[in-house]
Amino acid sequence: MKVFGYQKDSENLMELQEVSIQSDIKELDKIIEFLQEVKEQHRKGIGEVELCHSHYSDWDDEWKVGSTDIIVVTTKDNG
């Protein structure tokens, strides 16, 4: 697994060594649900496409512009 991110107001993508998540339990439950759904959807796409990606901001109806987005990317090699 590799984790990438951007500094605020920057377009320079960098690989991160560590990720910290600050949230409440309700929000954490939503992230877990998102990851479960992404896993199933991406599993279906393995073999059909080289790369699958999903955005938390597209999945969560309550996501607010300016909030942190989570983008999950899977490839054929890590199915």
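Strand S3 (residues 51–55) has side chains that alternate between two faces. Strands are DSSP runs of E with at least two residues, helices are runs of H or I with at least four, and both are numbered from the N terminus. The model is predicted: local features need pLDDT of at least 70, side-chain atom pairs count only at pLDDT 80 or more, and totals for chains, interfaces and linings use all residues. Residues are numbered from 1 along each chain as its sequence is written, and side-chain values use heavy atoms, with hydrogens and water left out.

S3 has a partner, strand S4 (residues 71–75): the two pair in the antiparallel sense over 5 bridges. Pairing takes at least two bridges found by DSSP between the strands. Across this pair, His55 stands opposite Ile71 in S4.

Now for the charges. Side chains of opposite charge can pair when their charged atoms come close. A salt bridge is counted when a side-chain nitrogen of Lys or Arg is within 4 Å of a carboxyl oxygen of Asp or Glu, and by this rule the count comes to 3. Lys30, Asp60 and Glu62 are linked in a network of such bridges. Asp60 meets Lys30 with the closest N and O atoms 2.7 Å apart. Asp60 lies in the loop between helix H2 (56–59) and S4 while Lys30 lies in helix H1, so this pair ties together parts that are 30 residues apart in sequence. Both residues count as buried, Asp60 at 10% relative accessibility and Lys30 at 18%. Lys30 also forms a salt bridge with Glu62 (3.2 Å, N to O). That pair links distant parts of the chain as well, with Lys30 in H1 and Glu62 in the loop between H2 and S4, 32 residues apart. Glu62 is exposed, with a relative accessible area of 51%.

The side chains of Glu40 and Arg43 form a salt bridge too, at 3.5 Å from N to O. Because they are 3 residues apart in helix H1, Glu40 and Arg43 are separated by about one helical turn. Glu40 is partly exposed at 35% relative accessible area, and so is Arg43 at 48%.

Technical notes. Buried means under 20% relative accessible area, exposed over 50%, partly exposed in between (1.4 Å probe, protein chains only).
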